[in-house]
Amino acid sequence: MLSEDRRNRILEMVNAGGAVSVKALSETLGVSEMTIRRDLDRLASLGYLRRIHGGASPSVSTAYEPPFGVREERNLREKRLIGKEAARLVRDGETLIMDVGTTTLEVARNLNGAHNLTILTNSLLIAMEMASRRDFSVYLLGGLLRGQEMSTVGSVTEAILRSYFADKVIMGTGGISAKSGLSNFDVAEAHVRRVMLESAREAIVVADGSKFSRRAFVSVAPLEKINCVVTDCSAPAEEIEAMREKGIRVILCGRADPHGTGGAEAAQRDGRPKGVE
C-alpha cells in the first residue's frame, strides 16, 4: 500500500471510529507501529486529525479551518487535476467570478490557454496570478482584508459584486454533500459566496474528494444553486450519484468516468487525447 493510500485509509478509520489506537491501525494496515506514528504525526501537522495518547482522534470542530498554507499542501495532486479540468470549461471572452481557495487558485494557474477573459475575484493570490496576462481584465474586489486567507469579505465586497453579472462563477467549498449542500467555515466568506452565486449565470464548484459528505460551520447554498462539480475519483460514489440525480453535472478527474460525463468524454469531444490528465 502506498503511503498516500495508507494515510487516506487512516483518516477513514479515525473519522469513522472517533478515536483509533496506533496498535489497531498497525494490525489493520499491516505495517509497523513506527510507520503508523509517522503517518499520524504527518496528518496531524496538516490539521487532518488530532494526536492523542496512543493514537489519534478526528480534527476539532466544524468551525475550524486550517491556515491557507497548510490547506494548499493537502491533496495537491488532486487539486492540480481539478484545476486543469475546470479551466477547460472556460471559453474565450467570458466573464468569471473566482472566489478564494486553494483549488480555485489551481484553476487560475491553468487559464493560460484562454483569451480575453474578465475576472472578478476577492482573492489577492488569484489577482496576482493573473496580473501578467495582458489580455485579461482583472477586477480585485474591495472590502475587509482577511490576512490569513489573502481575501476580501464584508458588505463592501458584497455590494461591489451585486453591481456585476458574470457568465460563470468558479468557487471552492469547505464541505459539500447531496443532503446539506455547500457549506463554509467562515461566516463572512459564506455571505460573499452566496452573492457570487446570485451574480453568475452558471456555477461551477471545484472540490477534492475530501470535501464530500462534510458539513462545515455555515450553510452557503443548496446544491440546486449549482450546475457543475469538478472533483477527483476519490469522491464517494453515493454522493456523486445523488448529485447527478439532482441534474448536476459531475466531472471526475483521475480516471475515465463510467457515466460518460467526466473528463475522458470531454477530452474526446475537444480533440484532446483520450483519458483524463
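I began with the strands of this predicted model, and found that strand 2 (residues 49–52) is joined to strand 3 by four bridges, the two running antiparallel. Looking for an individual pair within this arrangement, I noted that Arg50 has Ser57 in strand 3 as its bridge partner.

I then followed the chain from strand 2 into strand 3 and recorded a hairpin with two residues between the strands; Gly54, which lies in the turn, has a positive phi of about 80 degrees.

Next I asked which other strand is joined to strand 3 (residues 55–58). I found that strand 1 (residues 20–21) is joined to strand 3 by two bridges, again with an antiparallel run, and that Ser21 has Gly55 in strand 3 as its bridge partner.

I turned to the helices and looked up how helix 5 (residues 76–87) packs with helix 6 (residues 102–109): the angle is about 50 degrees, and the axes are 7 Å apart. Helix 5 is therefore oblique to helix 6, since angles under 35 degrees would count as roughly parallel and those from 65 to 115 as roughly perpendicular. I also noted the hand of the crossing of helix 5 and helix 6, which is right-handed.

Lastly I listed the residues at this contact: from helix 5, Leu76, Lys79, Arg80, Ile82, Gly83, Ala86 and Ala87 meet Thr102, Thr103, Glu106 and Val107 of helix 6.

How values were computed. Residues numbered from 1 in each chain as written. Predicted model: local features only at pLDDT ≥ 70, side-chain atom pairs only at ≥ 80, totals over all residues. Heavy atoms only, no water. Pairing = 2+ DSSP bridges. Axes fitted to C-alpha atoms, helices over the stretch in contact; angles between N-to-C directions. Parallel < 35°, antiparallel > 145°, perpendicular 65-115°, else oblique. Left-handed = near helix turned anticlockwise from the far one by under 90°. Contact = heavy atoms within 4.5 Å.
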